Amino acid sequence: MECENNLCIYCEKRRCILDSISLDAVGMCSDYVVINIDSVILEKAKADLLQKLHPNES
């Protein structure tokens, strides 16, 4: 099954590794478990990506 939630522990290479899932009332997966990313690591990753996307701006 395809999955676009790459912050879920069950998402691997855009595929859900669970055999089955449950959907909520609006069709969203209710079995996902989100990875908790430390805010310092997240902010650094965002800054690095911004620098790659806009190298001449700072």
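Start by selecting Glu 4: at 65% relative accessibility, this residue counts as exposed. You are looking at a predicted model. Glu 4 sits in the segment before S1.

**Stop 1: the partner of Glu 4.** The side chains of Glu 4 and Arg 14 meet in a salt bridge, with 3.9 Å from N to O. The pair links distant parts of the chain, ten residues apart. Arg 14 belongs to the loop between S1 and S2. Check its backbone too: phi of Arg 14 is near 65 degrees, a positive value in a residue other than glycine.

**Stop 2: the neighbouring loop position.** Select Lys 13. Lys 13 lies in the loop between strand S1 (11–12) and strand S2 (15–16). Phi of Lys 13 is near 55 degrees, which is again positive in a non-glycine residue. Is Lys 13 buried or exposed? Lys 13 counts as exposed, because its relative accessibility is 78%.

**Stop 3: the helix.** Move along to helix H1, residues 39–53. Select Glu 43 and Lys 46. They form a salt bridge whose closest N and O atoms are 3.4 Å apart. Both residues lie in H1, three residues apart, about one turn of the helix. Glu 43 counts as partly exposed at 45% relative accessibility. Lys 46 also counts as partly exposed, at 44%.

Next, pick Lys 44 and Asp 48. Which contact joins the side chains of Asp 48 and Lys 44? A salt bridge joins them, at 3.0 Å from N to O. This pair lies in H1 as well, four residues apart, about one turn of the helix. Lys 44 is exposed, with a relative accessible area of 52%. Asp 48 counts as partly exposed at 35%. The structure holds three salt bridges. Side chains of opposite charge can pair when their charged atoms come close.

**Stop 4: zoom out.** Show the whole chain as a cartoon. There are one helix and two strands, and along the sequence they follow the pattern β-β-α. The radius of gyration is 16 Å, well over the 10 Å that the globule rule gives for 58 residues, so the chain is more spread out than a compact globule. Along its principal axes, the C-alpha trace spans about 45 × 20 × 20 Å.

**Stop 5: surface and charge.** Of the 58 residues, 7% count as buried. Finally, colour by charge. The 6 positive and 10 negative charges have mean positions 8 Å apart.

Key
Residues are numbered from 1 along each chain as its sequence is written. This is a predicted model: local features need pLDDT of at least 70, side-chain atom pairs count only at pLDDT 80 or more; totals for chains, interfaces and linings use all residues. Side-chain values use heavy atoms; hydrogens and water are left out. The radius of gyration is taken over C-alpha atoms; the globule rule is 2.2 Å times the number of residues to the power 0.38. Buried means under 20% relative accessible area, exposed over 50%, partly exposed in between (1.4 Å probe, protein chains only). Lys and Arg count as positive and Asp and Glu as negative; His and the chain ends are not counted. The place of a charge is taken as NZ of Lys, CZ of Arg, CG of Asp or CD of Glu. A salt bridge is a side-chain nitrogen of Lys or Arg within 4 Å of a carboxyl oxygen of Asp or Glu.
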